[in-house]
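Have a look at the coordinates, then read on.

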Amino acid sequence: MAADPAQLLRQRGIQVTAQRLAVLRAVAARPHITADSVAEAVRGEIGAISLQSVYDALGVLVSERIIRRIQPAGSPARYEDRVGDNHHHLICRICGRVVDVECSTGVAPCLTASDGKGYEIDEAEVAYWGRCPECLAGQRTASGTEPFARRRATSSHTRKEHPPK
Ligand SMILES: [Zn+2]
Ligand SMILES: [Zn+2]
Ligand SMILES: [Zn+2]
């Protein structure tokens with residue numbers, strides 16, 4: 001994320017509004033955040049905002065590739081500000097936690113189709129599904145199921161608190 005989000009918007013020719021800035025900050029602060037959580041964060045920062053306005057702002061930022069939208073199967077869409085590197089995701093089937101993982105080999109698309117059918121392939125969408133270390137260890141309780149990701153995974157032995165709501 002650029003040091004100055006307002007500058008980033010201007011560079012892309014996007015009108016700078018308090019709502020867009022707040023949405024961008026919320027995504028930058030919590031990678032793989034859901035729209036609902038963005039709305040919560042923005043309300044805490046600038047007051048009332050409709051979920052529709054949040055979706056509108058997210059849509060603008062996604063279409064300008066300032067943020068990236070990921071859509072794990074069976075989960076609400078997630079948003080992150082790590083763009084342009086085609087990284088992939090590890091997704092926990094139990095708690096829904098999403099963390100970044102680098103390309104399996106080199107750069108995008110990082111997987112070679114067995115038969116490209118003449119397509120010029122520039123991206124392979126890869127999601128690794130499984131159980132996160134905390135779920136494996138049985139440390140997460142039923143009330144701790146709200147999936148939020150941390151940019152840097154902390155040790156499952158030291159992090160017992162649930163992410164802030
Ligand atoms: Zn988990
Ligand atoms: Zn990511
Ligand atoms: Zn890759």
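Predicted model: local features only at pLDDT ≥ 70, side-chain atom pairs only at ≥ 80, totals over all residues.

**The zinc sites**

Let us begin with the zinc ion (ligand 1). Its protein donors are the SG atoms of Cys92, Cys95, Cys132 and Cys135, lying 2.3 Å from the ion. Along the chain, these donors follow the spacing C-x2-C-x36-C-x2-C. What is the geometry at the zinc ion (ligand 1)? The site is tetrahedral, with angles of 104 to 115° among the four donor atoms. For reference, the ideal angle for four tetrahedral donors is 109.5 degrees.

Cysteine 92 has a relative accessibility of 4%, so it counts as buried. Cysteine 95 is buried as well, with a relative accessible area of 4%.

The zinc ion (ligand 2) has another set of donors. They are His32 (NE2), Glu80 (OE), His87 (NE2), His89 (NE2) and Asp100 (OD), and they lie 1.9 to 2.2 Å from the ion. In sequence, these donor residues are spaced H-x47-E-x6-H-x1-H-x10-D. Within this set, histidine 89 in strand β4 (residues 88-92) and aspartate 100 in strand β5 (residues 98-101) form a pair that links distant parts of the chain, 11 residues apart. Are histidine 89 and aspartate 100 buried or exposed? Both histidine 89 and aspartate 100 are buried.

**Salt bridges**

The count of salt bridges comes to seven.

| Glutamate 45 | Arginine 25 | 2.6 Å |

The salt bridge between arginine 25 and glutamate 45 has its closest N and O atoms 2.6 Å apart. This pair links distant parts of the chain, with arginine 25 in helix α2 (residues 18-29) and glutamate 45 in helix α3 (residues 35-46), 20 residues apart. Arginine 25 has a relative accessible area of 39%, so it is partly exposed. Glutamate 45 is partly exposed too, because its relative accessible area is 40%.

Why does arginine 82 count as buried? Its relative accessibility is 19%, and buried means under 20%.

Lysine 117 is exposed, with a relative accessible area of 64%. Elsewhere, salt bridges that share partners join Arg82, Asp85, Asp100 and Glu102 into one network.

**The largest pocket**

The largest pocket has a volume of about 640 Å³. Of the 25 residues that line this pocket, those closest to its centre are Arg68, Arg69, Ile70, Asn86 and Glu123. Which strands each supply at least two residues of the lining? They are β2 (68-70), β4 and β6 (127-130). Sorted by class, the lining of the largest pocket has 12 nonpolar, six polar and seven charged residues.

Definitions and conventions
Residues numbered from 1 in each chain as written. Chains lettered and ligands numbered in written order. Heavy atoms only, no water. Donors = N, O, S within 2.8 Å, 3.2 Å for Na, K, Ca; no water. Tetrahedral: all angles 85-135°; square planar, octahedral: opposite > 155°, others 65-115°. Buried < 20%, exposed > 50% of the residue type's maximum accessible area, 1.4 Å probe, protein only. Helix = DSSP H or I, 4+ residues; strand = E, 2+ residues; numbered from the N terminus. Salt bridge = Lys/Arg side-chain N within 4 Å of Asp/Glu carboxyl O. 1 Å grid on protein atoms, 1.4 Å probe; cavity = no way out; pocket = protein on both sides within 12 Å on 5 of 7 lines; lining within 4 Å. Points joined across faces, edges and corners; volume = space filled by probe spheres on them. Nonpolar A, V, L, I, M, F, W, Y, C, P; charged D, E, K, R; others polar.
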